[in-house]
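Please read this short briefing alongside the sequence and the 3D view. It starts with the whole chain and then turns to one residue.

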Amino acid sequence: MAETTNLPSPLAGEGGGEAVGRGGRMVKTTCPYCGTGCGVIAEQSPDGWSMRGDPDHPANFGRLCSKGAALAETLGTETRLTHPTVDGRRVGWDHAIAEAAGRIRSVIDLHGPDSFSFYLSGQLLTEDYYAANKLAKGFLGTANVDTNSRLCMASTVAGHRRAFGSDTVPGCYEDLELADLVVLVGSNLAWCHPVLFQRLKAAKAERGTRVVVIDPRRTESCDIADLHLAIAPGADVALFNGLLAHCAAMGALDHEYLADYTTGLTETLDAAHADPVDVTPDIARFYDWFATTGKVVTVFSQGVNQSSSGTDKVNAIINVHLATGRLGKPGMGPFSVTGQPNAMGGREVGGLANQLAAHMGFDADSIDRVGRFWDAPRMATHEGLKAMDLFRAMDAGKIKAVWIMGTNPAVSLPEADLVRRALARCPVVIVSDCVARTDTLDFAHIKLPSLAWGEKDGTVTNSERTISRQRPFLPGPPEARADWWQVAEVARALGFGGWFGWTGPASIHAEHARLSAFENNGSRDFRLDVPTDYQTMAPAQWGAKRMFADGIFFTPDGRARLVPVTHRAPMDSPSPDFPLRLNTGRYRDQWHTMTRTGLSPRLSGHRPEPLLDIHPVDAKALADGTLARITSRQGSYIARIHHTTDQRPGDVFLPMHWNDGYAAQAVIGRLLPGHTDPHSGQPESKHVPVRVEPFATCWSGLLICRDLPPLDAPWWVRRQAEGAQIVELAGGEDDEKAKLVATLDHRFGPSRMEVLDSRQGTARYAWMAEGRLVAALFLSQDRPGLSTQWLASQIGQALTTPMERAAVLAGRAPNGMADGGRTVCACFSVGVTTLTDAIRRQRLTSVEDIGSALRAGTGCGSCLPELKALLTVTPP
């Protein structure tokens, strides 16, 4: 695996899981990105910290993806929120806590407990989640505690509870390696869970595992697929109902298992037979493979969950596994892979508005049990508002105070303009975050600085129910505090100090474990033991390795439920005004709204801006590489056109990551309607009717500088380079260029060089300070073709000769200084230009050749499909 670029070493904090390495301390911790939950070793040397995979961790056995390998590049403190503020004024912690508690108390006293809410994050640690959940549901009397996991896995939670009586993931990662058939449904495992994809790929090479990908798009996961079913968006229920009917017709149902351990088969089969599906030859092949293969794992993720019928999709998948008895055994089962590092931990402590702690719900017995355990004076007695309903209630004036922790709903939630309006109207907005600027922080009355990854101390739970420690190895900014500490201090200021007197995360975890075991005689799935040594606790899976092996479920009668479901079309359909269907998702090297990954130059290089993937048939007059405006019934978005036959005709795709801090007019939430699943409350993010039109421009530009001033260009997008920001811009009026130059003059001073060519319509500027380059701007009618990476490397350099200054103004690297181009391999920072040159000059004919020559593809492996594609279009 590649190690990250080292940063100067601060003094590390205390914590367990440490050893002395080759050059200094080594601390075992857990990656803060996807739900795979990879173990990471942070290793100190005289030059700083570097990251490598933990060979002993059961999730990754030493592997890391490109994001995990680049973690050290994101440890800098220059973007951090470093001190509390109240109404824009810097204050001390005592004042901030008093203000937060006083305003919460005032709102509740005037308007009742349900006028307050928490909105939490799957990136919080379990102990942070537990503290917030306890304060709201046991002491403030409201269940308005929801989380961005509502956008991620809520439909899986609802589907599990309907089928199993509990939110229990049945299997483990090893099942992917033991299965003879792995079905990926709505999951681009290669990009979203790269380490799991590499485990599956290795199993396929060793055992010949068949892989079926079910996805409207042809994604990188198809690189190892034996079959790709590009079904229409939203057709999953009909597809799996058809599979159930086929298994019944082929005699593939396990009638003994059904009789002993399940209910609902007759009604479920009746619903399946009534749900017609067009069985193409490829679908027939998939049906036959599933029916005749004993060891089958069905992996599903956001393509299933993020739907107005997501819960039914989950149950359609589970139905087939229950009906064929393929659950609770090695190499079998439905497997939900979570998107966030601790979405599972949040589910365990009740971090959803429809759950209490320890996987308990709002039935009378559970309310009483949790209330007695907490000695709670004001238990919530009913479910709270789920995410979309919560912000709609805020917009309507019913939610008067919100405490947002570690998430950015102004970008990530659907109907983003409504969310922003709601936050602007809310009298009390408290935000705990580790960064100084997000779209959501712009609305905060009280800002509380939190610890970040590398500083936080606690636990997370991954997709296979393995609890791992996140350990600190860095000190936080002096005034940053743990999220659980902030909650406990506010609770103390509200008069509840005796119930929140924890001495650290270990005491919170112990309380959480005791609650899970409290009056739990086996009737509840979730139960932990208090660890003997929290600091050194090793990763461990709760429950059995495979749940339900005994056929006993957590329903009242102990039987699993097959749930009758039928296909329901997405809530919005294309129309003449909005003829295309928009799908949304992740890019390989980015994460959520880029507050961490956006700091890394190599992670910013693969897809440096949002692209609209569109089939050439739909693009029509929209040329590849030009800008377009994408408009839905909710709002609009500007992105560059990318022609690809990986998209079905009629469908388009946009990434979810960009926000107002990284681009103009690129907030995905502004396009998404707030349609939700009736059971889970999860929004529909994969099926949005849109139209695509040219975004007319008369000029384009490239700006490179270290410190970016405020920009008012109609369109711009920025990315991080080594020591500089790279900004592309465009506009439709000539006077916009003059305003831009004036803005840069004001920011960078009067020492400016320029070359103007009115005939060609180009202008080139360079600003100097004390003989060093501080900014460069290139304007032309079309997109400038320049040596971008080389230009970025010149920021801060002394330009002492006319030749050096001329090279900068020309925007071209001197002879012999190649520009690597857009990043393909992020692990080793290998660009497309470097790759194509090497393929031609060294006559490379395989990805193994490329790996030997350039190391590309030998790290996490996520770039291998792109390397293969380059070999086909670049003749040696």
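The points below cover overall build, surface and charge, and one leucine.

This is a predicted model, in which local features need pLDDT of at least 70, side-chain atom pairs count only at pLDDT 80 or more, and totals for chains, interfaces and linings use all residues. Residues are numbered from 1 along each chain as its sequence is written, and side-chain values use heavy atoms, without hydrogens and water.

**Overall build**
- The protein chain holds 27 helices and 35 strands; these are DSSP runs (helices: H or I, at least four residues; strands: E, at least two), numbered from the N terminus.
- Along the principal axes, the C-alpha atoms fill a box of roughly 85 × 65 × 60 Å.
- Of contacts (heavy atoms within 4.5 Å) between residues at least 6 apart in sequence, 73% join residues at least 24 apart.

**Surface and charge**
- Of the 876 residues, 64% are buried, meaning under 20% relative accessible area with a 1.4 Å probe, protein chains only.
- The protein chain has 88 positive side chains (Lys and Arg) and 96 negative ones (Asp and Glu), with His and the chain ends not counted.
- The centres of these two sets lie 2 Å apart, each charge being placed at NZ of Lys, CZ of Arg, CG of Asp or CD of Glu.

**Residue L870**
- L870 sits in helix 27, which covers residues 864–873.
- L870 counts as buried because its relative accessibility is 11%.
- Beyond its neighbours within four places in sequence, L870 is in contact with V824, V832, L835, T836 and I839.
- From C-alpha to C-alpha, L870 and S507 are 53 Å apart in space, and they are 363 residues apart in sequence.

Note on methods. Buried means under 20% relative accessible area, exposed over 50%, partly exposed in between (1.4 Å probe, protein chains only).
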